[in-house]
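Here's a quick tour of one model, from a loop to a ligand and on to some helix packing. Have a look at it first.

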Amino acid sequence: MSGRKPRSVANPLESTITTPSERILKECHSLYVDSENGLVKIASSLGVRLLPPRKKIIVMIMGNHSAGKSSFINWYVEEHIQKTGVAIETQGFTFITSGRKRESLTGNATLHLYPHFRPLLEFKGVMDYLSAEISTSKQKKFSLVTFIDTPGLVDGDMIYPFDVNSAITWLGEQSDLIFVFFDPMGQALCKRTLNIVEKLSEKCADKLLFYLSKADEAGKETDRQRVLMQIVQELCRRPGLNKCGFEMPTIYIPNPQKPSRCVNEIDGVCQTIEKTINQAVQKTLDQLEKDCDLICSTISSKLQQDRADVSHNKTVRLHSLMYGTLGIFLPILFILSFIVNSFSKEHLDELLGEGLSRTVFAFTGIVMYLWEWIPEDGQVVFVIVFGAFCYLLLFLAKYFAGRGNKTLSKKEKRKMAEYSDYIHDIVKTKKGKLYEWYLQQCAAEYDL
Ligand SMILES: Nc1nc2c(ncn2[C@@H]2O[C@H](COP(=O)(O)OP(=O)(O)O)[C@@H](O)[C@H]2O)c(=O)[nH]1
Ligand SMILES: [Mg+2]
């Protein structure tokens with residue numbers, strides 16, 4: 001037996017990938033970014049811009065300063081990545097994501113890692129307050145999540161070094177989930193937080209989720225109920241948020257040293273994240289299908305356009321040839337007629353032979369007949385008009401010659417056919433397999 005490795009071992013990445021969702025997302029992503037046959041590259045060669053799908057979902061956490069945002073992230077990741085404390089610790093935006101190496105990145109490097117977030121550059125001042133923390137943690141579903149920790153929000157005199165409201169709103173729009181943390185003690189009813197929440201609810205109400213964080217600090221059950229009522233009341237006072245059916249689970253970071261009897265729905269947060277990951281897998285697969293169709297339809301419309309161009313060029317070339325021939329033939333005939341006319345018939349018979357000489361005489365005879373038919377004082381005008389007419393013919397010939405459309409070269413056409421085959425045979429087949437796999441996973445998960 002030859003010692004051939006089984007195919008599954010060929011990709012060293014696979015050994016570190018744990019869940020089918022992760023693998024599906026990674027494989028979809030690599031279909032887009034492959035350096036040789038990536039969909040992004042194929043699409044751009046056709047003049048279509050595609051963005052590779054994200055490999056992870058994005059969860060933005062916002063709320064008042066000291067609401068426990070950073071602590072929640074640390075708890076989820078099970079690593080002390082973000083500074084926590086009562087002081088305003090988080091002034092800017094931090095992306096917290098998993099990777100192979102623990103690393104901290106500054107603004108520019110962060111945008112390099114998240115090209116989807118390039119438009120952040122338009123928010124003046126944000127760049128200096130943008131960073132990323134890469135952790136090697138694989139806890140919970142962290143390998144499929146990027147958290148965005150946002151600046152703690154406060155009312156009043158606090159001056160933010162950038163337009164914090166619009167930056168958070170924009171980032172929220174890009175996220176898959178937005179968690180809003182209200183804590184029972186601090187400024188749970190911070191106006192700035194409510195303003196941003198109201199703005200976000202216009203476009204992304206479905207991904208906005210509210211939590212009463214640090215619920216263990218709310219005191220007795222009755223106190224907690226009161227706090228909850230207060231927050232909900234305040235939220236409902238906002239016209240944009242005045243919807244029934246508010247949900248506000250109570251959560252807190254479990255602390256073995258300080259057990260609390262308060263209900264902790266923090267596991268529900270993890271389930272929400274997991275559910276969103278599954279939806280992201282489905283969306284990514286659907287997008288893959290759409291992008292494949294877009295590429296294929298672009299190719300076929302380009303080929304169709306090319307066929308139209310080829311036939312257009314044929315017509316145009318024929319026109320050009322016709323005008324060109326006339327533009328040259330007519331003046332030659334005109335001049336020739338005068339030359340021929342200066343010879344005697346016998347002389348011409350001798351020169352050209354009898355048959356040809358007769359034809360030439362017939363043609364030039366017509367020209368001479370027409371020439372003599374023109375009154376003598378109009379002959380000069382005629383020559384000028386005739387010259388202009390021939391010039392116009394030549395001009396038209398040139399004009400039509402330049403009217404041809406650029407057509408595809410053989411090589412380009414072959415490449416397009418190759419792309420089309422690749423997408424039909426390889427990408428779509430792979431997408432089908434991944435989808436099947438995803439459905440199997442769902443069936444197993446929900447015990448269908
Ligand atoms: N009792 C309790 N304290 C918490 C909880 N979450 C965070 N804290 C504390 O609240 C303070 C502010 O937390 P932090 O995560 O920095 O809030 P952030 O400003 O929203 O990022 C810190 O001292 C944390 O230790 C919680 O669930 N329960
Ligand atoms: Mg913080």
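Start with Ser66, which sits in the loop that links strand 1 (57-63) to helix 4 (69-77). Helices here are DSSP runs of H or I with at least four residues, strands are E runs of at least two, and both are numbered from the N terminus. Ser66 isn't a glycine, yet its phi is positive, at about 70°. Most residues other than glycine have a negative phi. Glu78 also has a positive phi without being a glycine, at about 60°, and its place is the loop between helix 4 and strand 2 (93-98).

A word on the ground rules: this is a predicted model, where local features need pLDDT of at least 70 and side-chain atom pairs pLDDT 80 or more, while totals for chains, interfaces and linings use all residues. Residues are numbered from 1 along each chain as written, chains are lettered from A and ligands numbered from 1 in the order written, and side-chain values use heavy atoms, leaving out hydrogens and water.

## Around ligand 1

Which residues come nearest to ligand 1? Ser66 is one of them, along with Lys69, Ser70, Ser71 and Ile253, out of 15 residues around the ligand (a residue counts if one of its heavy atoms lies within 4 Å). By class, that shell holds three nonpolar, eight polar and four charged residues. Nonpolar means Ala, Val, Leu, Ile, Met, Phe, Trp, Tyr, Cys and Pro, charged means Asp, Glu, Lys and Arg, and the others, Gly among them, are polar.

Now the polar contacts (pairs of N or O atoms within 3.5 Å). A polar side-chain atom of Ser71 is 2.5 Å from a ligand 1 oxygen, and a polar backbone atom of Ala67 is 3.0 Å from an oxygen of ligand 1. Glu217 brings a side-chain N or O atom to 2.9 Å from a ligand 1 nitrogen. Taken alone, ligand 1 exposes 580 Å², and the protein buries 83% of that (Shrake-Rupley, 1.4 Å probe).

## Packing against helix 13

Helix 9 (266-342) packs on helix 13 (410-445) at about 160°, with axes 10 Å apart; axes are lines fitted to C-alpha atoms over the stretch in contact, and angles run from 0 to 180 degrees between N-to-C directions. That makes the two helices roughly antiparallel (over 145 degrees). Their contact divides into 15 nonpolar, five polar and nine charged residues.

Helix 2 (20-33) packs on helix 13 too, at about 165° and with axes 10 Å apart, so helix 2 is roughly antiparallel to helix 13.

Key
A polar contact is a pair of N or O atoms within 3.5 Å; within protein, one must be able to donate a hydrogen and the other to accept it, and residues adjacent in sequence count only if both atoms are side-chain atoms. Angles under 35 degrees count as roughly parallel, over 145 as roughly antiparallel, 65 to 115 as roughly perpendicular and the rest as oblique.
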